[in-house]
Amino acid sequence: MLPLLLLALTVSADFEGGNIGPVEQVADDHVRVHVNGESDQDGRNHQPSWFYFQLDGVKGRTVTVDIGGLEGEYNYRKHDGSGLRNTLPSYSFDNQRWRAVETSEWLTDPSRIRIRIEAGDADRVWIARQPPYTFSRLEALLDDLAGPALRREIVGRSPQGRPLWLLSVTDPAAPDEGKKTVWLMARQHSWESGTSWALEGALRFLASDDPEAAALRRTTLFRIIPMPDPDGVARGGVRFNRSGYDINRNWDTANPEKMPEIFALRAQIRQWLDAGRAIDVFLTLHNTERVDYIQGGLERGGDRVRSMAAYIWEELSRRTHFHSPEGPRESLAQQPDPGRQTVDQWLTLERGVPAYLIELMVDRNPKIARPPSVEDRLSFGRELAKILAEAAAKY
Ligand SMILES: [Zn+2]
């Protein structure tokens, strides 16, 4: 029955950043895919947050895609995947320009999301949890922006040999002494591609000829860690390195064999501080499903840390789509268990640095009534860079 075979939809994820599990064709125009997800070093904390695949043979059809495998565990608590019930995946007909689906259906037993895509003339569609951001894209961006204002160093290697970059953005003609120092980190967790888009927005602005950016570079040194888990990003991972270690836990232990990424980056931060240099503000960017917030060691850090958190929160809320009606959160209400410290907690506890973590939602943001788009992320990043420099100067 050759004609029928020709009608088959095919699914593949054999490309940079791609990842999808078993596929079942339900009907001519309907497939069911299973998200692989990943678990940690002990087989715990299974997280099914990332999928990115292409679907071929869609021309002229409205295809139905069921996405399952959403059950998991977070911070040692099992869940049935219903936290993903409002997922609005993104799709693209050219693997470049992405948009979120406008609606999805939530189905149970087992938990799954159902989406429909009208393909029109295109015969291939790419589908992902949110607009992907690959290692190659970052590499191309850094090549593009290379110049006196942006310097990059390789400060370590991932287990698969990919570079761990540390970027410096500044005006080399103005002496570093007397400048404020802002440290910014993105994409500790490989599924959180939205944070890379935000970082791209920040970098494009900071390295630009814009007079406002040039003025910032005279007063502020930006130290930026753009991609702490390049292996995870390349394989379409979730939040763990190759050995299963969460890149935003373990900062208090950082074993060089098991988590060389954390070990190398932590050494850079320590060296900087041990040389008597300041970190006026440190921020790590993350994605979560359905909430925006900023957290820090508000109690322990005292007035300066609280005031800075309030300033960043207020300005982001005023100038961007950041939607966080409840205000800054306390990150150290309890002492983290051994091996569970995040980078911001570690910096607060070990070095007394004003350090924060920001979560940015991937689902529909009530303030803009849509999942943040690539353009939304880029303009967020640009404002964020300014706000961090302002906060560093002010407090
Ligand atoms: Zn994260």
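1. Ala, Val, Leu, Ile, Met, Phe, Trp, Tyr, Cys and Pro are counted here as nonpolar, Asp, Glu, Lys and Arg as charged, and the others, Gly among them, as polar. The structure is a predicted model, in which local features need pLDDT of at least 70 and side-chain atom pairs count only at pLDDT 80 or more, while totals for chains, interfaces and linings use all residues. Residues are numbered from 1 along each chain as its sequence is written, and side-chain values use heavy atoms, with hydrogens and water left out.

2. The chain is divided into domain 1 (7-128) and domain 2 (135-394), with bounds that come from an automatic or database domain assignment. The C-alpha centres of domain 1 and domain 2 are 28 Å apart. Across the boundary, 23 residues of domain 1 are in contact with 22 residues of domain 2 (contact means heavy atoms within 4.5 Å).

3. Grid points are joined across faces, edges and corners, and a volume is the space filled by probe spheres set on the points.

4. The largest pocket holds about 1,300 Å³ of space. Its lining comprises 38 residues, of which Tyr74, Asn75, Arg249, Tyr293 and Arg340 lie nearest the centre. By class, the lining of the largest pocket has 10 nonpolar, 16 polar and 12 charged residues. Strand β17 gives the largest share of this lining, three residues, and at least three lining residues come from each of domain 1 and domain 2.

5. The second largest pocket has a volume of about 380 Å³. Of its 24 lining residues, Trp98, Arg99, Ala100, Ser373 and Val374 are the closest to its centre. The lining of the second largest pocket has 11 nonpolar, five polar and eight charged residues. Helix α9 supplies the largest share, three residues, and each domain again contributes at least three.

6. Two cavities of 30 Å³ or more are counted. The largest cavity has a volume of about 70 Å³; of the 13 residues that line it, Gly17, Trp50, Tyr133, Arg187 and Val233 are the closest to its centre. The lining of the largest cavity has five nonpolar, six polar and two charged residues, with at least three residues from each domain.

7. The second largest cavity, about 30 Å³ in volume, is lined by Tyr133, Leu138, Ser196, Leu199, Glu200 and Pro226. Helix α3 provides the largest share of that lining, three residues. Helices (H or I, at least four residues) and strands (E, at least two) are DSSP runs, numbered from the N terminus. Of the 14 residues of α3, 13 are buried, so this helix is largely enclosed by the rest of the structure (buried means under 20% relative accessible area, with a 1.4 Å probe and protein chains only).

8. Helix α6 (residues 260-274) has 15 residues and should span 21 Å at 1.5 Å a residue; its end C-alpha atoms are 20 Å apart, which agrees. The expected span is 1.5 Å times one less than the number of residues. Among the buried residues of α6 are Ile262, Leu265, Ile269 and Trp272. The buried residues of α6 pack against β13 (150-157), β14 (163-169), β15 (180-185), β16 (220-225), β17 (281-288) and α8 (343-351). Glycine 276, which follows α6, has a positive phi near 85°.

Definitions and conventions: Buried < 20%, exposed > 50% of the residue type's maximum accessible area, 1.4 Å probe, protein only. 1 Å grid on protein atoms, 1.4 Å probe; cavity = no way out; pocket = protein on both sides within 12 Å on 5 of 7 lines; lining within 4 Å.
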